[in-house]
Amino acid sequence: MDVLLNLSLNGLATGMLIFLLAAGLTLIFGLMDVLNFAHGGLFAWGAYSGIWIYSQTGSFFIGIFGAVLVGFILGILTEKWIIKPVYGNHVQQILITLGLMLVLSEMLKVIWGPNQISATPPSYLAGSWEIGGVIIIKYRLFIIFVGLLVFAAVQYMLSKTKIGLVVRAGVMNKEMVQALGINIKRVFMFVFMIGAGMAALSGVLLGPYSGVIHAEMGLEFAILAFIVVVIGGMGSFKGSLLAAALVGLSGSFMAYYVPDLALAANMLLMAIVLVFRPQGLFGMKG
Amino acid sequence: MNWIRNNRMNGIYLIIAAFLLLLPFVHDSRSLFILLTQIFIFSIFAMSYDLLLGYTGIVSFGHAMYFGIGAYCIGIFMKRFEPTTPNFVLAIMTTILLTAVISFFVGLLTLRLKSHFYAMLTLSLSGLFLVLAEKWRTLTYGNDGFTFRVPDFLKDRTDFYLICLICMVLVFFILKRFTNSPLGRVLQAIRENEQRTESLGYQVLHYKIIASIFSGVIAGIAGILYSISLRFVNTSVFTMDITLDALLMTIIGGVGTLVGAIIGAGLIEFAHHWLTALAKEHWIFERWIIFFGIIYILAVMFFPLGIVGSLKNFKWKRAKQTSVVKKEEELAR
Amino acid sequence: MSDLLKLDGIETYIGQYHILQGVSLEVKKGEVTVLLGRNGAGKTTTLRTIMGLNPASKGLITFKGEAIQKLPTYTVAKKGIGYVPEDQGIFAGLSVEENMKVAMQKDDAETRARMDYILDLFPDLKNFWKKPGGLLSGGQKQMLSIARAYINNNELLLIDEPSKGLAPIVVEKVMESIVQMKDRTTIVLVEQNFMMASTIGDRFYIIDDGRTVSNGHMKQLKQDTELRKKYLGIA
C-alpha cells in the first residue's frame, strides 16, 4: 500500500512536470501549426535561471517567479526572431527550432559551465509527512499542487476569457479568426509566451525534485513531452494533462517493477496511438 | 548543354578523387589522413541524410540511430566472434538488415502523417536506442564501451583511408545516379509538392519509405566505418550530437546537392579538429558548437540552399541572364 | 450613388497558379452585387483577395476611398467588411454564443441592438444558443455565419454561395434575410443559384477564367439568354 501510494504520487508528480512542458507544446501546435523543438531548451533555461536566482536570493519562490519570467522573455524572443521568419514552412521551422535548442543548451554550458549543478528543495518543502503509517514526500505534493493550479488557471483563461476564446477558435480555424477582425499574430505571441513560461516553470520545479540539473535535461524531457503530445492529441489542453498523468504513472510503475523498460513502454504507447488514432486520444487535428 | 556541364563537374570530381587517392603515396602526415578518413566517413553519413532532407523533404531527428546500429553491429561481431573476414561480411549484412527493417517500420508508422510526426518519432526512437545501449551492458558494456580488433585487411591505416575514400566516391556516384533516376525524380517531386505528386497517381508513401530505407542503410554503413576507424564503440554513437552533425553538415554545405554534404562534412570535421586543438588554449573554443549552431539557424532562415546550393543558384541566375541578353541581341538583329 | 468598393485590374496567384488575371468591378452602396460564373472561374478567390486571405499581386482595391489591397486580413475586416465563406467557417467546437462572441468587436448598445435584430431574423440561433456550432444543420450554420458577419457595424458583406447544399425551403429563408438586410448594409454575393441571384441581385458581374467579362443591371441579364448560355451554361 505504501509502495503503491508512493509510486502513484511519484508518477503523478513526474506527470505534472511533463504536463507543464507538453501543454505549451500542444497549444502552440494546435494554434500555430508549429512544433517547437526548442521547448526543451526553454525548460532547461527555466531550471538553471530559477535555481541560480534561488541560490542568490535564498527564496525558492522568487526563483520560481524569476524562472517563469525568463521563460516569458525567451518565449517572446523566440517567437519573434525564430518562428515568425519561417512561419508557414514546416521543414524550415522544424530545423530551425532544433538549432535553437542546440544553441540554448550550449549557452547554458557557457554561462554556468558544463558540469551538473545540484539543487535541493527549500527546508519547508523538504522531507515528508507521516500520515497513518504511510510516508508522503512533501515536494511531490507541492509539484502536483502547482501543476493542478496552473492547469486550472489556464483552463479558466481558455474557457472564460475573450483571449482564451480566440485561442480555441484559432485552433479550429485560423483564417476565420482573422476574417473576423482579430490580429491572430498577437495571439500567437501570447500563446507562445504562456507555453514558454510553463516550460520554464517545469524546469525550475524539476531541479530540486531530481536533485541535479544539467544542460542535456531539456532534450530528455522534451522526448517525453512529445510522446505525451502525440498520445493526448495535438492541440488538446485537457488531453495533455491526462496523457501526461498516464505517461508519468506508467514510467513510475515500470521504473520500479521493470526498470529497463520504462522508456520503451512509453514509446510503445506512442507507436500504438500513431497507428490507430494519430490525432491522439482527444485530438482535433491530424 | 547539361550533358557537357554535368560531365565537366564529374570530371572535376574525378580529378579531386584521384588527387586524394594518390595523396598517401606522396605525403606522410598521419593526423591529416585520420582527419580525411573521418571526413569521408561523415560525408557518407551526411549524404544519407541529404537523401532524406534535401531530395525527399523529410526531416529526421534520429539519424544517429542507424549510425549507432552499424557501429555497434561491427563492434559486437568483432568482439564476440573472431575478427575474420567472413564475420565482417556477416556484420555488414546484419547492419543492412536491421537498419532496413527499422527504417521501414518507422517510415510506415509516421510518413503518412505530417512531417512533425516523423521528426518526433525519430527523436524519441534514437533516445530509446541510447538508453538501450546504456543498459544492455552484457552486450554493449554500457557507457564505457569496448575496443575490438579488426580483420587483417583493415589493419593498415593507409589501406583503410583508401577504402573509406572509395566508399565515399561509390556512395556519391550511386546516389547521384539514384537521384537522377525516375525514382529519384519522384522523390524530388514529393519534396516540391507532395499533394500534386499524389494527385498525379504516385503512391507517395511507398516512395518516401524507400527513401527512408535507403538513407538508413547508408547511415548504418557510415557507422560501421566509423567504429572501425576508432576500433572502439560506446554510447556516443547514439547521441543527439551525431544527428546534429548530419544536420549541420547538410544544411551548411547545401541540401539537395550531395556534394554539399561532402563539403559540409569537411567543414565541420575540420572545425572540430582545429577548434578542439585551440580549446586547449582557451576554453571558449570548446563551445565552438554554438558558433555552428548560430550559422545553422541563419542558414535555415536566409540561406536555405547552403553553400553549394547558393553557388549553384547564383551561377544559374547568371547563366539565365546571359542567355536572356543573348536572345535580346539576336532579336535586335 | 458612390462606389463603396472598387477593384481595378486585380491579379492573384495561388502558389504558381494565376487564378485572377484581371478582375475589375464597382460595388455601389446599398446594392446587392452578384458575382456569377462557372465553377473555378475565380469568384471565391475574388472575395478572398478583397479580404486579403489571398493577397493580390497586381491591381488596386479601394474601400470607401482607401486602398486596402496591401492590408492584412484583420485590418481589412476591421475597416468594415464582413466575410461569409463558402464553408461558413463556423467554429464547430464553440457554442453559437461563443461563435458570436468571437466576432463581436464591441459590447455596446448599438451592438446589442444589432444582436436583437439578427436573432429576430434567425430565431433558430436563439434556440441553439448554448449548443456547439458543429451540431447545427447546414442552413443554421449559414445563418450563424451571416449573423457573425453582421454583428459588427460592417458596411459591406461578402457572402460566398450561401445557398450551396441547402434545401429549397431553407434557401428561401436565407434569401429573405439577405433581402431584409439590404437596407442596412451593402452586399457582394457569389451565387451559382441563378434563381436566387436574379431575384435579389441589383447588379451583376460575370467572371470567366479569372477575368471580369461582362456586367450590368440584373434586369438585362434576365433578358439576355445568349449571355447566360455563354458564360453560365444555363438557359
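Biologist: How many residue pairs are in polar contact across the interface of chain A and chain B?
Modeller: The rule finds two residue pairs there, both partners being at pLDDT 80 or more, where a polar contact is a pair of N or O atoms within 3.5 Å; within protein, one must be able to donate a hydrogen and the other to accept it, and residues adjacent in sequence count only if both atoms are side-chain atoms. This is a predicted model, in which local features need pLDDT of at least 70 and side-chain atom pairs count only at pLDDT 80 or more, while totals for chains, interfaces and linings use all residues. Residues are numbered from 1 along each chain as its sequence is written, chains are lettered from A and ligands numbered from 1 in the order in which they are written, and side-chain values use heavy atoms, with hydrogens and water left out.

Biologist: And how many salt bridges between chain A and chain B?
Modeller: The count is zero, a salt bridge being a side-chain nitrogen of Lys or Arg within 4 Å of a carboxyl oxygen of Asp or Glu.

Biologist: Which elements of chain A touch chain B, then?
Modeller: Those giving two or more residues are α3 (60–83), α4 (90–112), α9 (217–232) and α11 (262–276) of chain A; helices (H or I, at least four residues) and strands (E, at least two) are DSSP runs, numbered from the N terminus. The largest share, 16 residues, comes from α4(A). By class, that side of chain A divides into 33 nonpolar, five polar and four charged residues, where Ala, Val, Leu, Ile, Met, Phe, Trp, Tyr, Cys and Pro count as nonpolar, Asp, Glu, Lys and Arg as charged, and the others, Gly among them, as polar.

Biologist: What area is buried between chain A and chain B?
Modeller: About 3,600 Å², of which carbon and sulfur atoms give 82%; buried area is the accessible area (1.4 Å probe) that two parts lose on being put together, summed over both.

Biologist: Switching to chain C and chain A, what do they bury between them?
Modeller: They bury about 1,600 Å², with 66% of it on carbon and sulfur atoms. In chain C, the residues that lose the most area to chain A are C:Tyr74, C:Phe91 and C:Val102, together 36% of what that side buries.

Biologist: How many salt bridges are counted between chain C and chain A?
Modeller: Two are counted, and C:Arg48 forms a salt bridge with A:Glu175, with the closest N and O atoms 2.7 Å apart.

Biologist: What does A:Gln178 touch?
Modeller: Not counting residues up to four places away in sequence, A:Gln178 touches A:Ile184, C:Thr73, C:Tyr74 and C:Ala77, contact meaning heavy atoms within 4.5 Å. A:Gln178 is found in helix α7 (residues 174–179) of chain A.

Biologist: Why is A:Gln178 called buried?
Modeller: Because A:Gln178 has a relative accessible area of 18%, and buried means under 20%, exposed over 50% and partly exposed in between (1.4 Å probe, protein chains only).

Biologist: New topic: where is C:Tyr231?
Modeller: C:Tyr231 is in helix α10 (residues 225–232) of chain C, and is buried, with a relative accessible area of 13%. Leaving aside neighbours within four places in sequence, C:Tyr231 is in contact with C:Gly37, C:Arg38, C:Ile206, C:Asp208 and C:Val213. The side chain of C:Tyr231 also makes a polar contact with the side chain of C:Lys230 (3.4 Å).
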